[in-house]
Each structure stands twice: as structure tokens, then as C-alpha cells.
Amino acid sequence: MKSATDDRKFKAINRRELLKLTPVLALGAFAIPKLQKPLLKSGLAFSDWASARLFRTGHLAPTFPESALTPFNKFPVNDYDVDNPEIDFDKWTLTVGGAVQKPGDYTLAQIQELPKTAQNTRHVCVEGWDVIGRFCGVQLSDFLKVIGADPGARFVTVECADDYYESLDLATAMHPQTLLCYEMYDKPLTPEHGAPLRLNIPTKIGYKQAKYLTALHVTHVLDKVGYWEDQGYSYFYGL
Amino acid sequence: MSTHAIAVENVKSGAVTTAVYEHPFVVRLCHWINAVALFVLVGSGLQIFRAFPSFGAKIPQKDLLHWPKAFAIGGWLGGALQWHLTFMWIYIATGILYIGYQIFSGNYKQVLFTRRDLPGVWPMVRHYFFFGQKPPVKEAYNPLQKHAYTSAIALGVLSVLTGLAVWKPVQLSWLAWMMGGFHLARLWHFLIMWAILAFVFGHLVMVILHGWDNFVSMFTGWKKNPEYVSE
């Protein structure tokens with residue numbers, strides 16, 4: 001032990017050590033109403049950025065045997081507005097626009113001409129529950145080829161009959177498990193599950209998988225992100 | 001740790017007390033950032049839990065626990081997710097800094113519970129719970145303290161790993177698989193929170209019981225009248 005330090009000097013040392021902790025007070029910024037919103041927004045944006053880095057185009061979401069499927073009648077229905085936007089299926093088309101070579105209205109029959117894919121995948125809701133469902137449809141990447149989507153574009157946005165809207169990064173749109181889905185459990189989509197056409201994206205959270213699609217755009221700049229994103233949810237929310 | 005011990009002399013009375021530098025700066029910094037982060041993560045986590053207060057896939061589910069909104073952070077699911085995802089990074093960064101510092105500084109020897117601490121466990125349990133005689137204090141933390149802190153660090157790591165499995169069950173599907181699947185990962189994440197809260201409760205009780213000098217040491221690093229030098 002060294003020789004005795006006088007207590008005034010000791011107090012000064014203590015004070016200095018205490019002051020070193022002042023960076024912790026920076027966290028108090030989260031308590032200031034004016035700063036809270038932008039800080040949380042950047043926290044969310046950073047999480048989205050990291051999520052996009054973590055996303056691997058070749059990595060498939062786990063698939064499940066038929067025995068693992070949640071019975072169809074137990075598959076929950078979450079809507080932001082109505083269970084059934086009462087679409088006239090005879091007149092329904094998917095309006096395609098944006099950075100594509102062949103814009104226009106595509107009928108369900110035209111979409112169904114593309115190779116059909118079926119997958120038993122997990123559907124995870126942001127609320128915390130999940131189900132394993134059977135989804136059939138065409139790969140969105142195939143459809144993007146048909147419409148001549150600009151490979152340099154960055155986003156795919158969709159609009160829905162119930163005024164819902166969503167957007168996807170192109171990497172996710174090109175993922176082999178990302179479907180334009182027209183069947184669940186080997187039967188045409190029912191109105192509450194998004195008839196006649198919905199997105200099924202096993203690499204994304206549920207609210208990204210829009211129902212009742214009416215329009216699809218390929219864009220370079222995202223002008224409309226998504227209904228829930230505009231309420232404050234994550235944009236990327238990849239699983 | 002006695003190498004850091006100094007004698008402090010009161011200039012007026014001439015009374016001499018000892019003081020030890022017990023908590024290095026990085027440890028103190030991480031401790032207080034982590035305290036805030038943990039508070040926010042638990043509060044926002046409980047708000048997230050309110051959106052589906054159950055486990056498994058059973059829909060419609062039987063709510064397991066109706067957690068009051070007053071004891072949750074974020075106001076609604078989206079708000080709580082913003083808090084949770086923001087403070088998750090602060091929590092992880094602090095954890096990496098803390099563990100990295102402990103390893104590279106060698107300070108982990110003060111905290112880490114090892115085999116050498118085993119013989120001291122029972123006497124300490126006897127002292128705490130059965131009014132046994134207090135074993136002599138030789139270092140900063142007794143075996144039970146080391147056990148508690150080591151467990152808390154392990155729980156911290158597990159809270160991050162289970163949280164990542166819930167957040168990224170596809171990209172980190174191996175992590176969810178290791179935890180017995182997505183459902184169990186969510187349950188582990190929840191249970192680990194309670195285990196951490198149990199630690200925090202015990203920790204706060206002990207801080208109150210050990211008095212002011214001990215409490216101040218987590219701010220200044222210096223502990224006056226330490227048991228393991230004066231005895």
C-alpha cells in the first residue's frame with residue numbers, strides 16, 4: 001500500500017471518475033419529446049439496414065411437411081380494414097406499371113400461365129403468433145421477367161383493393177420463395193385471405209404480404225412505403 | 001486487487017481509511033448504460049408481448065398473462081418495436097464492449113465464477129440464508145456474488161441470442177433450430193427476461209443492504225472501507 005493520500009485529493013479523484021460517466025446522460029435524449037421520435041426512427045432505420053445486409057438471396061425459409069400445416073380454418077385473418085373488399089373477379093386485373101417494358105393490365109389467367117410453385121412455410125405475424133400454411137402461386141421473379149422489369153430498379157410496390165399498400169426491396173422480390181399467390185391449401189384464395197391474388201413472402205413478416213392486389217409497380221425511388229410502415233412499423237422487416 | 005488499495009487520510013482528524021479501485025471505468029460505463037437499456041428493453045418487450053400474450057401457434061389463443069399497459073413502454077406494438085429495436089443495438093454494443101474489456105484487461109478474474117470458487121459456495125449460502133458465520137472476505141466478490149454476476153452475463157448473452165432467433169427465424173434459422181424452434185425461442189426469450197429481472201431484484205436488495213460506500217463505488221470506481229482489505 002502506498003503512503004496515505006489526503007482526503008481532499010481523494011475526493012477530487014472521485015469527482016473526476018464520476019464525471020467520466022457523463023456520456024451515460026446522452027441516453028437522456030430519449031426522454032426529450034422532440035428528440036425521441038427521430039432517435040427511434042433512426043434506430044428502426046439502422047435495424048432495417050442491418051436486416052437488409054443479413055438477407056441472403058440464396059437462403060431459403062424452412063419448409064414443412066403436410067403434417068405440420070395449421071388447419072385452414074385455424075389460419076388467422078388479420079385485416080387493416082375489411083375482410084372482403086368485394087372484388088368483381090370477372091373484371092379483375094393486375095395493373096402493372098413503372099420501370100417495366102410491358103406495362104398494362106394482366107388477367108389472373110395470364111399470371112397462372114407461369115410455372116406454379118407450392119410451398120409449406122411459416123407465416124409470422126408482427127404480433128408474435130405464427131402459423132404454417134400451404135401457399136401456391138407463381139414466383140414473383142418469373143412475373144417480373146414477363147413484364148420486363150428493369151433489373152436496375154430497387155423496389156416493387158403493390159396497391160390493394162382495400163386501399164392497403166406495400167413495398168418490397170428488389171432482392172426480396174427476386175427471392176425464389178416470394179410468390180404472387182392465388183391458392184392456399186390447394187384451393188383458390190378465399191376473400192378473407194386476399195382473393196384473387198396476394199403476396200406470400202416467407203422471408204418477410206406478415207404485414208408485408210399484402211392481399212387483394214390490384215396494381216404492381218417497379219420503381220427506382222420509393223414514394224409509398226406501406227400502410228403499417230407509415231404508422232411506424234419497420235420497412236424491411238425480413239425474418 | 002489489493003494493488004489498487006490506498007490509504008486515505010482525513011486532513012482534519014488524521015483518521016485513516018482504506019479505499020480500493022474496484023470498478024474500472026469501462027465496467028461502470030457499461031453498467032449504467034446497460035441499466036437504462038435493460039429498463040427500456042423489458043418495458044418495450046412487455047408491450048410487444050401484449051400484442052399476443054401467449055406462446056405457440058394456438059389461435060385463437062388463451063391469453064397467458066394480461067400485462068398492464070401502465071408497466072410497458074411504447075404505447076402500442078409499433079412504438080414498442082421501435083424502442084426494442086433501437087435499444088437492442090445499445091444493449092448488444094454495451095455487451096460486446098463489456099465482455100471484450102473484461103477479457104482483455106484481465107478484470108474478468110474479479111467477476112468470473114470458476115471451479116476455484118466452488119468450496120466457498122456452501123459457507124456463503126449458510127451465511128446468507130441460515131445465519132451462519134460470515135466467511136472471511138478475501139477479494140472483491142464472494143463466490144455467490146461471482147456466481148450471480150457470471151450468470152447475469154450468461155443470461156445477457158442468451159437474451160440476445162434468443163431475441164435474434166425470434167427476430168430472424170429465417171436468416172438465422174439455425175439459431176431458432178438450436179433453441180427448439182421458433183415457438184420455444186420466443187418462450188426462452190420471455191423466460192430469460194424474468195431470470196434477468198430476478199437477478200436485478202436480488203442485486204438491488206444486496207445494494208441496499210451493503211450501504212452507501214458500496215453503492216458509490218459503481219459511480220466513482222473507488223470503494224471506501226472495503227471488507228477484504230480491512231479484515
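## Close-up views of the contact between chains A and B

**View 1. The two chains meet through 41 residues of chain B, which are in contact with 47 residues of chain A.** The model shown here is a predicted one. On the side of chain B that touches chain A, at least two residues each are supplied by β1 (6-9), β2 (16-21), α1 (25-51), α2 (77-105) and α7 (182-220) of chain B. The largest share of this side comes from α2(B), with 9 residues.

**View 2. Strand β1 of chain A, residues 5-6, pairs with β1(B) in the parallel sense.** The pairing of these two strands runs over 2 bridges. Thr5(A) stands opposite Val8(B), a residue of β1(B), while the bridge partner of Asp6(A), likewise in β1(B), is Glu9(B).

**View 3. An open sheet is formed by 4 strands, in the order β1(A)-β1(B)-β2(B)-β3(B).** The pairing within this sheet is mixed. At its edges stand β1 of chain A and β3 (222-224) of chain B, each of which has a single partner strand, so that one side of each is left without a neighbour in the sheet.

Terms used
Residues are numbered from 1 along each chain as its sequence is written. Chains are lettered from A and ligands numbered from 1 in the order in which they are written. This is a predicted model: local features need pLDDT of at least 70, side-chain atom pairs count only at pLDDT 80 or more; totals for chains, interfaces and linings use all residues. Two residues are in contact if their C-beta atoms, placed from the backbone, lie within 7 Å. Two strands pair if DSSP finds at least two bridges between them.
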